[in-house]
Amino acid sequence: MSDVDSEVIRRYEVLNTIVQPDDVPFYGIPFPGFFLLNEDGTIVDKLFNRHLAHREGIEAILDSFAGRITPGENEPITSAAEDDGIRISAFLRGGGGVLRVGPRRRLVVRIEMPEGLHIYRDPVPVGMVATAITVDGPEAFRHEAVEAPPTHAFELPGVDEPLEVWEGTVDFVFPVYAASILGRAIREGAASIGVDVTVRYQACDDAQCFIPRTQTLRLDVPIGPGAMPNFGEMRGITGQTVEMDSMTHMKRLVERKQAD
Amino acid sequence: MSEEQFTDEYGFTGPLPVTSTQRVIPTGEFHPGLSIGERAPDFELPNHRGETISFHADRAGARAALLFYRSAVW
């Protein structure tokens, strides 16, 4: 749908207020993002990005509706299990797992613990190890701060300080995106990049703790060119032809804004 | 101009200098949009075929994802 006068953009309070009215033709653009509505039209979730070029993939929307993240069929995944029974997986969610400039993806680190075991959130008393996850990739691979799942309080006999723990299956989610120099790797013929996920943790039950572990998983992430909107002529599945030449549309947009 | 003037802190290289207002990245608290729990306002807008879409009526009681982006073509 086309919101030429940005009326709906304003009513939903997503107008980019940094762009000033005299900045033709950019004034009137929204911050990119989405709202999710339930059946009666109430907003049940929303996600907006600071960066003008970042877009959420359809998977982020579907995952928000579902309330859980499920790896797609072709999305890269790697996992390992330790003798403490804890299994750690890392997968790149969205866009078939292909990293491109523009669409944001989610790097999900899933820790599955057997019943009775838990791991700790920082801070912990001296001598115990809090869970820490680091993600390292080439310069073109960028990530934002981790979105950690909720913890619950745990009392350990003999320890005065309150402890926060995770148990069961928990997902740590890193929003990720590609810098423009990803294009250089593509031009040089690279088909993927390596991303290392390192998880440091100590698993305990009510009576004892296992020795601290450090597990490093490598994800081989396919890369692809960014989406270019200059399609020229595009024929839809219903047979109609849509003219998608961006320069023509940009020219119209400028003329329309200048005429206001 | 040097390439650095077109590449922002996210490593994104665009056609305009990073000082252009449409490329300025908000800092600090960032919570645009109506709040979760609010009723989504109704509206009518043309779609790509020029047909008028009446949002709540046309979604006919179905759940919906409402996406905002600056343009399909730039």
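Predicted model: local features only at pLDDT ≥ 70, side-chain atom pairs only at ≥ 80, totals over all residues.

Visitor: Why is the pair Arg104(A) and Glu56(A) called a salt bridge?

Guide: The rule asks for a side-chain nitrogen of Lys or Arg within 4 Å of a carboxyl oxygen of Asp or Glu. For Arg104(A) and Glu56(A) the N to O value is 2.9 Å, so the pair meets the rule.

Visitor: What makes this pair a tie between parts of chain A?

Guide: Arg104(A) belongs to strand S6 and Glu56(A) to strand S3, so the bridge ties together parts 48 residues apart in sequence. Both residues also belong to a network of salt bridges with Arg106(A) and Glu144(A).

Visitor: How do you know whether Arg104(A) is buried or exposed?

Guide: Buried means under 20% relative accessible area. Arg104(A) has 7%, and therefore counts as buried. Glu56(A), at 12%, is buried as well.

Visitor: Why is Arg49(B) called partly exposed?

Guide: The class lies between the 20% and 50% cut-offs. Arg49(B) has 47% relative accessibility, so partly exposed is the term for Arg49(B). Its salt-bridge partner is Glu51(B), with the closest N and O atoms 3.8 Å apart; Glu51(B), at 39%, is partly exposed too.

Visitor: What makes strand S1 of chain A and S3(B) a pair of strands?

Guide: Pairing requires at least two bridges. Five bridges join these strands, which run antiparallel, so they count as paired. In one of these bridges, Gly33(A) has Phe68(B) as its partner.

Technical notes. Residues numbered from 1 in each chain as written. Chains lettered and ligands numbered in written order. Heavy atoms only, no water. Helix = DSSP H or I, 4+ residues; strand = E, 2+ residues; numbered from the N terminus. Buried < 20%, exposed > 50% of the residue type's maximum accessible area, 1.4 Å probe, protein only.
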